[in-house]
Amino acid sequence: MDKKVSLLIFCFSCLFIGCPPAPTDTLETAPPATTAPVTGTAPATAPEIPAPDNRQRRPKNIILMIGDGMGISQITAGMYSNGNRLNLERFPVIGLHKSYSSDNLVTDSAAGATAFSAGVKTYNGAIGVSRDTLPVVTILELAEAAGLPTGLVSTSSIVHATPASFIAHNRYRKNYEEIAADFLKTEVDLFIGGGARYFNRRESDTRNLVRELQARNYLVENFVEKDIQEIRPDVSKNYAYLTADSEPLPFAQGRDYLVPAAAMAPGFLDRRDTKNRGFFLMIEGSQIDWGGHANNSDYIISEMIEFDNAIGEVLRFAAADGETLVIITADHETGGYAIQSGSKMGEIDGAFTSDYHTADLIPVFAYGPGAEHFSGIFENTAIFDQMKKLFAFD
Ligand code: MG
Ligand code: ZN
């Protein structure tokens, strides 16, 4: 073959199958960096190599957002039902976690949240306790002990498994009144969620936890007195807003507080942070999971888009602040949800393999200082380990 022709064929094949790897010597034998001369200026031809950023940037604040039951299909369905856009696309770092619990490849939300809150794999149903039912210290408690303001926001009741696992210690997730009483054992600065009845109309005792909170410098408001748009938390006090008597409604039936709460909570905690130590905030979109349990694709999608709008509010704070790490993940996938053939952009045909959770790997999205620690594949407990390390709680 003519040399010119074979060169041409070689170049064309590069276009289609990719060029052969560059000779390794350019990677291996790069000359060592020379030290700058003591006097004089660098030669005009010196290559401009940016200095490596070796500063270990640590976040001051950490906001962990949990979409309960939010697997890849839930995210996909939300995105394709929202004009092919989600705020989740703005995250530069993405990883995957292994969600299994200590006693089941398929975790529940209690064991899943305890892995995030305390860094232990425990049994399904466990709230802030280890496999032997002993309390394990949580990131919220470590933050409180270090003098950081803390907050919990949830679209379930605030004593439900996910938020409960950050503040309570109980051998069983459904002991709601016991879990509510654990809110009095910390100084949590802010909490927003349902479950008023477990605080002020208790069946197991005559305590009124709303009054007890008020006696401890909490401003406590609720959905009957005030709409979320009307609340005016006073930064000189801790703040609780109870959004439902038991479980809040689905978004599609009128629940509207998650996005305004996500817009308000970071600024509130930042203003509470008078010692400039940072804050910890957990925000949960609880009902993506309930849409999965109900095998209801529309329920999943509306909850997913609302959760993503809450993410947008948190990113607005984090981008302006510059010292806030935002981590978004889920405890597990729910429903074995899949997007079927025949689906169109804006018209998702979802199908389900289960009315319970599945054991899929779960995405983790990170933004801000320290985000780089959340790439790769890791155990769900690594979320706690990294938060603890980044806060320097040792
Ligand atoms: Mg939950
Ligand atoms: Zn569930």
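Q: Which residues of H4 are buried, and what makes a residue count as buried?
A: In H4, the buried residues are Ser 109, Ala 110, Ala 111, Gly 112, Ala 113, Thr 114, Ala 115, Phe 116, Ser 117 and Ala 118. A residue is called buried if 20 or more other C-beta atoms lie within 10 Å of its own, exposed if there are 12 or fewer, and partly exposed in between, with C-beta atoms placed from the backbone. The model is predicted: local features need pLDDT of at least 70 and side-chain atom pairs count only at pLDDT 80 or more, while totals for chains, interfaces and linings use all residues. Residues are numbered from 1 along each chain as its sequence is written, and chains are lettered from A and ligands numbered from 1 in the order in which they are written.

Q: Why is strand S3 said to be largely enclosed?
A: Eight of the eight residues of S3 (150-157) are buried, so the rest of the structure largely encloses this strand. Helices (H or I, at least four residues) and strands (E, at least two) are DSSP runs, numbered from the N terminus.

Q: How do you know which strands pair with S3?
A: Two strands pair if DSSP finds at least two bridges between them. S3 and S7 are joined by five bridges and run parallel, with Val 153 opposite Ile 283 in S7. Four bridges join S3 to S4, also in the parallel sense; there, Ser 157 has Gly 194 as its bridge partner.

Q: What makes S5 and S14 edge strands?
A: Ten strands form an open, mixed sheet in the order S5-S6-S4-S3-S7-S1-S8-S13-S2-S14. S5 (218-222) and S14 (376-379) each have a single partner strand, so one side of each lacks a neighbour in the sheet.

Q: Why are H10 and H12 called roughly parallel?
A: The axes of H10 (258-272) and H12 cross at roughly 20° and come within 8 Å. Axes are lines fitted to C-alpha atoms, for helices over the stretch in contact, and angles run from 0 to 180 degrees between N-to-C directions. Angles under 35 degrees count as roughly parallel, over 145 as roughly antiparallel, 65 to 115 as roughly perpendicular and the rest as oblique. H10 and H12 are therefore roughly parallel to each other.
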